[in-house]
Amino acid sequence: MTKVALAGLGYWGPNLARNFDDLAELTWLCDTSDERRAEFAPRYPSGRVTGDFDEVLADDSLDAVVIATPVPTHYDLAKRALEAGKHVLVEKPPAMRAIEMDELVEIAAARDLVLMPGHLLLYHPGVEKLKQLVDAGELGDVLCIYGNRQNLGIVRTNENALWSLGVHDLSVILYLLDEEPSEAVAHGNAFLTPGVEDVVFCYLRFPSGKIAHMHLSWLDPHKMRRITVVGREKMVVFDDMELERKVTIYEKAPWKRAETYGEWQTRTGDISSPKISTDEPLKLECQHFLRLVAGDGDRAKVARDGAMVVRALEQGARVRGRRQAADALTPLDDQARATAARRRGGWIGHLDRRGLVCRDKSRRARHPGRPVVRS
Ligand SMILES: NC(=O)c1ccc[n+]([C@@H]2O[C@H](COP(=O)([O-])OP(=O)(O)OC[C@H]3O[C@@H](n4cnc5c(N)ncnc54)[C@H](O)[C@@H]3O)[C@@H](O)[C@H]2O)c1
């Protein structure tokens with residue numbers, strides 16, 4: 001049985017502990033907080049408990065490390081675990097800079113280790129249904145996708161709403177479109193914690209012309225967990241707040257009737273909700289990780305997909321007029337960013353006059369003189 005250690009026993013870690021205790025051998029629990037260790041030690045008597053991550057890594061019999069600590073610690077802990085020869089499942093996002101994520105991907109590839117980001121929503125059966133609909137062409141050409149991830153709380157202070165909440169929607173949007181955005185711009189404001197945006201609106205544009213949007217906020221009266229996909233033939237909504245109708249398909253679309261001389265009309269048809277399995281997404285995520293550790297599946301792909309999400313986050317990270325939380329913690333090195341871009345195959349961006357990262361083949365470059373609307 002795979003031997004797993006868990007670092008981080010805060011809000012989210014206990015969910016991972018429960019699943020890995022069921023699916024594998026949970027041999028270590030690690031948290032820097034005495035209280036958290038004292039609370040969890042009796043619940044998992046077969047696991048050893050420590051506040052020292054190095055003690056965990058020194059265990060030669062250990063196969064994998066699961067990291068559910070605060071976001072700014074992810075890169076360092078994941079790197080140390082990979083360098084110690086352990087497979088890693090790290091909560092999202094695994095790093096707060098693309099250059100760091102690229103480094104983790106390289107270390108994992110060089111040692112043939114699993115580096116899997118905890119993109120929970122990708123394991124939601126409702127999202128899997130969206131993917132099936134998109135890939136089967138049921139919706140026609142996908143034109144745009146938008147995500148709403150709002151609530152009052154949990155107020156985060158380490159990472160802003162884009163990095164904390166947006167990573168969920170972004171992972172789904174990229175999964176559904178299977179395309180890397182050419183443009184990502186975020187606007188937001190820090191109302192509660194200086195430098196940490198509580199409300200973010202993020203716009204994405206893809207080389208194919210598809211567009212996406214995300215409204216991310218922990219300062220909102222509505223609890224929304226919704227992704228809407230607009231296709232040319234049909235539209236579909238995944239609403240995780242719904243108990244039964246998680247996915248709703250709308251036969252609504254624009255069309256042209258011959259007798260109206262090419263004017264656009266709209267048509268509306270059936271509205272249906274397919275059955276969606278109630279399997280726990282986190283359990284499916286943990287099972288996928290264990291399968292990858294066992295040598296089943298494409299190890300490199302999960303790491304690459306994770307890197308694509310971090311790159312898109314970094315592109316959108318420069319919220320207008322201020323630096324993003326990650327930047328404030330570790331000043332961005334633009335030279336390093338360009339080097340990372342070159343390494344991953346030619347996406348060399350530049351900073352525009354407002355500090356936004358643009359790709360050289362941006363819309364502005366292709367259409368000189370035409371303003372890029374950013375708000
Ligand atoms: N997938 C999801 O839906 C989901 C939901 C919530 C949180 N998360 C992610 O889980 C991670 C943790 O979030 P949380 O809300 O549980 O945070 P938290 O602050 O509640 O818990 C973090 C825990 O890590 C411990 N810790 C800090 N540094 C450590 C270190 N170096 N070594 C060992 N332990 C350390 C802290 O003492 C704390 O107990 C974050 O990355 C967050 O984005 C994911």
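Predicted model: local features only at pLDDT ≥ 70, side-chain atom pairs only at ≥ 80, totals over all residues.
Reader: Why is Val196 called buried?
Author: Buried means 20 or more other C-beta atoms within 10 Å of a residue's own (12 or fewer is exposed, in between is partly exposed, and C-beta atoms are placed from the backbone). Val196 has 21 such neighbours inside 10 Å, so it counts as buried. You'll find Val196 in the loop between β8 and β9. Its C-alpha lies 4.7 Å from that of Asn160, though the two are 36 residues apart in sequence. Of the 375 residues of the protein, 42% count as buried.

Reader: How do you know that β7 and β11 are paired?
Author: Two strands pair if DSSP finds at least two bridges between them. Strands β7 (residues 142–152) and β11 (residues 219–231) have 9 bridges and run antiparallel, so they pair. One example: Gln150 has Met224 in β11 as its bridge partner.

Reader: What makes β3 and β6 edge strands?
Author: They sit in the open sheet of 6 strands, ordered β3-β2-β1-β4-β5-β6 with parallel pairing. β3 (48–50) and β6 (115–118) each have a single partner strand, so one side of each has no neighbour in the sheet. The partner of β3 is β2 (residues 25–30), joined to it by 3 bridges, and Trp28 stands opposite Arg48 there.

Reader: What does it take to say that α4 and α8 lie across strands of that sheet?
Author: Contact means C-beta atoms, placed from the backbone, within 7 Å. Angles run from 0 to 180 degrees between N-to-C directions, with axes fitted to C-alpha atoms (for helices, over the stretch in contact). Helix α4 (residues 71–83) lies across β1, β4, β5 and β6, at about 170° to β5. Helix α8 (residues 281–293) lies across β4, β5 and β6, at about 175° to β6.

Reader: What makes a set of residues a nonpolar core?
Author: Its members are buried Ala, Val, Leu, Ile, Met, Phe, Trp, Tyr and Cys residues joined through C-beta atoms within 7 Å. The largest such core has 94 residues, and Val229 is among those touching the most other members. Helix α7 gives the largest share, 10 residues. Away from its neighbours within four places in sequence, Val229 contacts residues including Leu130, Ile145 and Leu176.

Reader: Which residues come nearest the ligand?
Author: Around the ligand there are 23 residues, with Gly8, Gly10, Tyr11, Trp12 and Glu91 nearest; near means a C-beta atom, placed from the backbone, within 6 Å.

Methods: Residues numbered from 1 in each chain as written. Helix = DSSP H or I, 4+ residues; strand = E, 2+ residues; numbered from the N terminus. Contact = placed C-beta atoms within 7 Å.
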